[in-house]
Amino acid sequence: MLTAEQILASQKATVETLFGLTTKAFEGVEKIVELNMTASKAALAEAAGNTQSILGVKDAQELLALQASLFQPLAEKTAAYSRHLYDIAAGTGAEFGKTFEAQATDAQKKFMAVVDNAARNAPAGSETAVAVFKSAVAAGNNALESVQKAVKQATDVAEANFNAVASTAVNATKTTAKAKR
């Protein structure tokens, strides 16, 4: 049976975890706000410079050349922004994942301790039922580990695909800009 101290300790740990996750979430939001502010300031400064360049254009051919020269940096900056945003989200998600994994591992250990305690105190003749229950718990733990591994692999594949798409977009923009020149 759980004692009052164990229940209070569990509640305290849960509250500490909640506040820790909330802090991590706010840190992620702060990073995104900072990224957006930096990107907005850079975009504003770049727009002012581009406007001055456009106002200084003397003919249509010069305007087309200027337009072509503006698209490549825009695509590269968009890809860099997306990558930075993804890194922030992935980092925050990884922190949440680590916390949940630690909580799940701790819960599994506590549950196994309860199962072992119940097995030790089980009435004579219930050894088979206890063994079946322990086997079911072990199978559940193995299934959970398999799911965690599959999620990790899927995350790695998604990140690789994101990087490939970003790289392809930047390269396509470079090729298009060269073709227009």
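Student: Which residues of H2 are buried?
Tutor: The buried residues of H2 are Leu66, Ala68, Gln72, Ala75, Ala79, Ile88, Thr92 and Val115. Buried means under 20% relative accessible area, exposed means over 50%, and partly exposed is in between, using a 1.4 Å probe and protein chains only. Helices here are DSSP runs of H or I with at least four residues, numbered from the N terminus.

Student: Before I go on, what kind of model is this?
Tutor: This is a predicted model, in which local features need pLDDT of at least 70, side-chain atom pairs count only at pLDDT 80 or more, and totals for chains, interfaces and linings use all residues. Residues are numbered from 1 along each chain as its sequence is written, and side-chain values use heavy atoms, with hydrogens and water left out.

Student: What pLDDT does the chain average?
Tutor: The chain averages 82, and 92% of the residues score at least 70. pLDDT is the predictor's confidence in each residue, from 0 to 100.

Student: Which element has the lowest mean pLDDT, and which the highest?
Tutor: Helix H3 (residues 127-180) has the lowest, at 74, while H1 has the highest, at 90.

Student: OK, back to the helices. How do H1 and H2 cross?
Tutor: Their axes come within 10 Å and cross at roughly 175 degrees. Axes are lines fitted to C-alpha atoms, for helices over the stretch in contact, with angles from 0 to 180 degrees between N-to-C directions. H1 and H2 are therefore roughly antiparallel to each other; angles over 145 degrees count as roughly antiparallel, under 35 as roughly parallel, 65 to 115 as roughly perpendicular and the rest as oblique.

Student: And which residues of H1 are buried?
Tutor: They are Thr17, Leu21, Gly28 and Leu35. The buried residues of H1 pack against H2.

Student: Let's pick threonine 17. What is it in contact with?
Tutor: Leaving aside neighbours within four places in sequence, threonine 17 is in contact with Thr99 and Gln103. Contact means heavy atoms within 4.5 Å. Threonine 17 is found in helix H1 (residues 4-55), and its relative accessible area is 18%, so it counts as buried.

Student: New topic: how far apart are serine 135 and aspartate 87?
Tutor: They are 40 Å apart in space, C-alpha to C-alpha, and 48 residues apart in sequence. Serine 135 is found in helix H3, and it is partly exposed, with a relative accessible area of 47%.

Note on methods
Helices (H or I, at least four residues) and strands (E, at least two) are DSSP runs, numbered from the N terminus.
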